[in-house]
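User: Can you walk me through this model? I'd like to go feature by feature.

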Amino acid sequence: ASYDLVEGAAIYADNCATCHQEGIMGAPKITDSKAWQDRIAQGMPTLIEKSINGYTGAKFMMPARGGNPELTDSEVANAVAWMVEESG
Ligand code: HEB
């Protein structure tokens with residue numbers, strides 16, 4: 001699949017940065033490449049599915065679509081793709 005990283009960056013800024021920019025509420029911080037390594041190893045389809053539907057990790061909760069039900073699947077996927085690029 002190919003992703004729109006420009007759109008992803010904008011979606012991230014508006015919907016994901018709240019938690020992932022500074023790594024608050026247990027969210028993996030965007031700049032913490034070590035924290036992202038094992039997560040990225042799951043592969044894009046899994047990362048995207050978990051971001052769309054939300055999930056509870058060992059301790060913390062990732063809300064479905066970052067808590068914004070208006071985001072489309074492809075907007076979420078583009079934001080995930082941007083985060084994976086940025087964290088690497
Ligand atoms: Fe998040 C995780 C994405 C928003 C919180 N996230 C995560 C991940 C991803 C994401 C990819 C990883 C997964 C795995 O590992 O599998 N996000 C995202 C996006 C967005 C977001 C794209 C926008 C749409 N988040 C968000 C918010 C918050 C969060 C807003 C808060 C509120 N997350 C989170 C957490 C986590 C995550 C806490 C972790 C969980 C566990 O534990 O694992």
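User: Which protein donors does the iron atom of the ligand have?

Analyst: First, this is a predicted model, where local features need pLDDT of at least 70, side-chain atom pairs count only at pLDDT 80 or more, and totals for chains, interfaces and linings use all residues. Numbering runs from 1 along each chain as its sequence is written, and side-chain values use heavy atoms, without hydrogens or water. Donors here are N, O and S atoms within 2.8 Å of the metal (3.2 Å for Na, K and Ca); water is not among the atoms, so sites may look incomplete. At 2.0 to 2.2 Å from the iron, the protein donors are His20 (NE2) and Met62 (SD).

User: What is the arrangement of the six donor atoms around the iron?

Analyst: Six donors count as octahedral if opposite ones are over 155 degrees apart and all others between 65 and 115. The angles here run from 86 to 180 degrees, so the arrangement is octahedral.

User: Is His20 buried or exposed?

Analyst: Buried means under 20% relative accessible area, exposed over 50%, and partly exposed in between (1.4 Å probe, protein chains only). His20 has 9%, so it's buried.

User: How is the aromatic pair of Tyr12 and Trp82 arranged: stacked or tilted?

Analyst: Rings of Phe, Tyr and Trp (its six-membered ring) pair if their centres lie within 6.5 Å; planes under 30 degrees apart are stacked, over 60 edge-to-face, the rest tilted. A search of the whole structure finds one aromatic pair. With centres 4.7 Å apart and 40 degrees between the planes, Tyr12 and Trp82 are tilted.

Definitions and conventions:
Four donors count as tetrahedral if all angles lie between 85 and 135 degrees; four count as square planar and six as octahedral if opposite donors are over 155 degrees apart and all others between 65 and 115; anything else is irregular.
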